[in-house]
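Here is a short briefing for a first look. Please have the sequence and the model at hand.

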Amino acid sequence: MMHLRGISRSFERPGEERLDVLKGVDFDVDSGEFVAIVGPSGSGKTTLMNIMGLLDRPDAGEYELAGQPVSDLTAAEMARMRNRTLGFVFQQFHLLPRTTAAENVELPLIYSKARETRSRAIEALCRVGLEDRLTHYPSELSAGQQQRVAIARALVNDPEVILADEPTGNLDRSSGEQVMGLFAELNDNGATILFITHDEQLASKASRVVRFEDGHLLTQSN
Amino acid sequence: MNRKLLLATSLRTMSRHKLRTFFMGVGVTVGVATLLATRSLGGGFEQALLEKVDRMFGLSSIMLNDGGGGPGSFKITDLEAIEEQIAEVVAWDPMLVVGGRELKYQDINRQVTIYGHSERGEEVWNRGVVEGEYFSVDDSASAARVTLIGTRMAEALFGEESPIGEQILLDSIPFFVKGVLEPLGIDPHGEDRDLDVHVPTATVMRRLLNVDYITSAKVLVSDPAIVEETAERIASILRQRHGILEGEPDDFMMFTPKFIRQRVAEASRALKVYLPAAAVVVLLVAAIVISSIMLVAVRERFAEVGLRKALGATDGAIGLQFLAEALAVSLASGLVGVLLGFVAAKIIAAKMGLPTAIDMPTIALAFAAAVVVGLLSGLLPARQAARLDPVEALR
Ligand SMILES: Nc1ncnc2c1ncn2[C@@H]1O[C@H](COP(=O)(O)OP(=O)(O)OP(=O)(O)O)[C@@H](O)[C@H]1O
Ligand SMILES: [Mg+2]
């Protein structure tokens with residue numbers, strides 16, 4: 001599903017030393033895997049996930065997503081893959097304010113020029129158990145509910161891969177477990193799931209845990 | 001994103017940020033309203049002015065004024081010669097206009113301009129009397145102390161009473177009111193012609209000023225088509241009679257309908273060109289305002305733009321969204337502007353007694369202006385938003 005070879009990424013800020021965040025990462029994820037990424041803060045987990053999610057390009061290395069060498073893709077083709085192949089869940093939820101739950105979930109469908117966007121959005125909200133919160137605004141929802149709206153938005157276009165950067169970071173334990181339960185369910189239905197977490201207990205729910213340290217991936221299975 | 005959705009998204013953004021939308025739109029509304037109102041009024045103003053000029057001046061008239069040589073060079077004999085030599089001259093009215101004269105009636109004192117007209121003034125100026133009688137040949141021959149006054153002057157002096165046969169003093173000389181002039185309203189110089197005081201030209205010459213010259217004359221020719229060439233022939237007769245050598249300037253001034261229409265067009269250009277130009281400046285400022293507000297909005301909406309990109313929006317779709325928003329704001333406020341401008345033009349026109357000439361091209365122009373403002377102002381914010389780096393925007 002995802003194959004990374006020698007991926008490196010560094011950041012340069014004027015007046016500061018160059019910061020090599022990813023130092024030649026090799027990483028393979030098979031279709032249908034449920035992978036947790038752990039590691040100390042600042043170790044480059046988010047940087048890696050941004051590259052895997054086609055939000056950022058590596059400085060060097062090869063990345064193949066769903067059989068496509070990413071370096072060959074145009075900006076529009078990358079946008080299309082973010083829309084169809086990938087689904088994102090963020091720590092800060094990133095829902096549009098003053099926009100209802102259903103409208104938020106509808107967004108990816110709008111960019112894929114889909115039909116019956118509203119009914120599919122409602123269906124996705126049902127899957128995360130929010131059928132009675134369709135017209136609520138994010139400010140009218142609890143943190144856990146907001147993250148479930150974000151998950152509905154990530155899954156509404158039936159992506160092959162879901163990328164989640166600390167999806168439970170802003171949630172209490174029970175909401176976090178609810179989110180993990182939804183991921184497990186999606187994974188059962190065939191979706192490949194990658195999530196970053198600082199919580200070893202949540203990480204243990206994954207079928208594989210990879211540890212990140214100092215720009216390198218130390219793979220370990222469980 | 002399809003067009004319908006783009007529109008829906010734009011309208012939603014507008015309704016969610018009402019205050020921001022108001023500030024973005026108000027400039028366009030004012031600009032479009034000004035553009036429409038001034039262009040409509042300018043057209044109506046010119047039309048009304050031309051109608052008035054045509055009625056007062058006529059299409060087959062030539063106006064002669066002394067000038068250059070100072071007063072005294074222009075004589076009635078000049079006009080008699082012109083009539084004799086040019087068969088197409090059918091009538092003429094010698095005039096002597098003097099300002100700053102004192103009119104007295106009972107305890108009313110007024111400063112007036114006295115217009116000297118001959119008995120042919122009625123025909124030549126197309127303005128007779130609504131009460132009493134016009135000047136007669138006899139009045140001119142005997143320099144009679146008779147006067148014709150405008151309707152508002154009659155009202156000012158005599159109220160409801162009939163002024164006919166009443167006596168007024170002009171420069172302390174008694175005059176009998178012989179008639180009341182047809183109402184004419186305000187002339188293109190801004191003079192209220194219903195306050196006129198007319199006296200036979202001969203009377204002004206002999207009794208008021210004791211001079212042998214006139215100040216001006218209006219000449220009627222038989223056919224509007226030959227006005228310009230007749231004017232040239234009159235000019236050469238006058239130059240010859242006044243002994244003006246080749247290459248020296250005229251000592252008189254001549255106005256033909258063509259010349260007067262040109263002057264009217266120049267006068268209404270202020271309304272038709274300069275004010276709309278001011279409106280265009282307002283619109284440009286509006287474009288800058290919309291643009292800068294949207295640039296701030298793009299910054300505020302960093303996260304939204306980043307998120308939309310993460311969800312699959314292409315750079316083009318993002319740019320299009322911001323462009324559509326600018327366009328929707330300016331079109332909506334343009335529509336309000338068209339309505340406001342329309343109403344304003346109607347009200348002002350009704351107040352000033354002018355016709356309005358609101359035509360489709362004017363409305364189309366106003367709308368086009370709104371579209372141009374929308375596109376211009378949306379371009380920069382759209383480009384900014386489209387180029388945003390999603391990683392940075394989402395952090
Ligand atoms: N755009 C950038 N410019 C400069 N430095 C950056 C940039 N993005 C990330 N970094 C740096 O790269 C390093 C790795 O950042 P990253 O966000 O990937 O860490 P992380 O593993 O996700 O940490 P956390 O667990 O705290 O979220 C950090 O030191 C960070 O400051
Ligand atoms: Mg991180």
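In which helix of chain B does B:Val30 lie? B:Val30 sits in helix α2 of chain B. The model is predicted.

**The nonpolar patch**
- Six names make up a nonpolar patch on the surface: B:Leu19, B:Phe22, B:Phe23, B:Val26, B:Val30 and B:Val282.
- Together they have about 540 Å² of accessible area.
- Helix α2 of chain B, residues 18–57, gives the patch its largest share, five residues.
- B:Val30 has a relative accessible area of 44%. B:Val30 therefore counts as partly exposed, because that class lies between under 20% for buried and over 50% for exposed.

**The interface of chain B and chain A**
- On chain B, 21 residues are in contact with 20 residues of chain A.
- The two chains bury about 2,000 Å² between them. Carbon and sulfur atoms account for 63% of that area.
- Four residue pairs are in polar contact between chain B and chain A, both residues being at pLDDT 80 or more.
- The rule finds one salt bridge across this interface.
- A:Glu103 forms a salt bridge with B:Arg12. Their closest N and O atoms are 3.9 Å apart.

**Helices on the chain B side**
- On the side of chain B that touches chain A, at least two residues each come from α1 (3–16), α10 (302–310), α11 (315–352) and α13 (390–394) of chain B.
- α10(B) gives the most to that side, with five residues.

Key. Residues numbered from 1 in each chain as written. Chains lettered and ligands numbered in written order. Predicted model: local features only at pLDDT ≥ 70, side-chain atom pairs only at ≥ 80, totals over all residues. Heavy atoms only, no water. Patch = residues over 30% accessible without salt bridge, like charges linked within 9 Å, V, L, I, M, F, W, Y side chains within 5 Å. Areas by Shrake-Rupley, 256 points an atom, 1.4 Å probe, with all protein chains shown as cover. Salt bridge = Lys/Arg side-chain N within 4 Å of Asp/Glu carboxyl O. Helix = DSSP H or I, 4+ residues; strand = E, 2+ residues; numbered from the N terminus. Buried < 20%, exposed > 50% of the residue type's maximum accessible area, 1.4 Å probe, protein only. Contact = heavy atoms within 4.5 Å. Buried area = accessible area lost by both parts, 1.4 Å probe. Polar contact = N/O pair within 3.5 Å; in protein donor to acceptor, adjacent residues only side chain to side chain.
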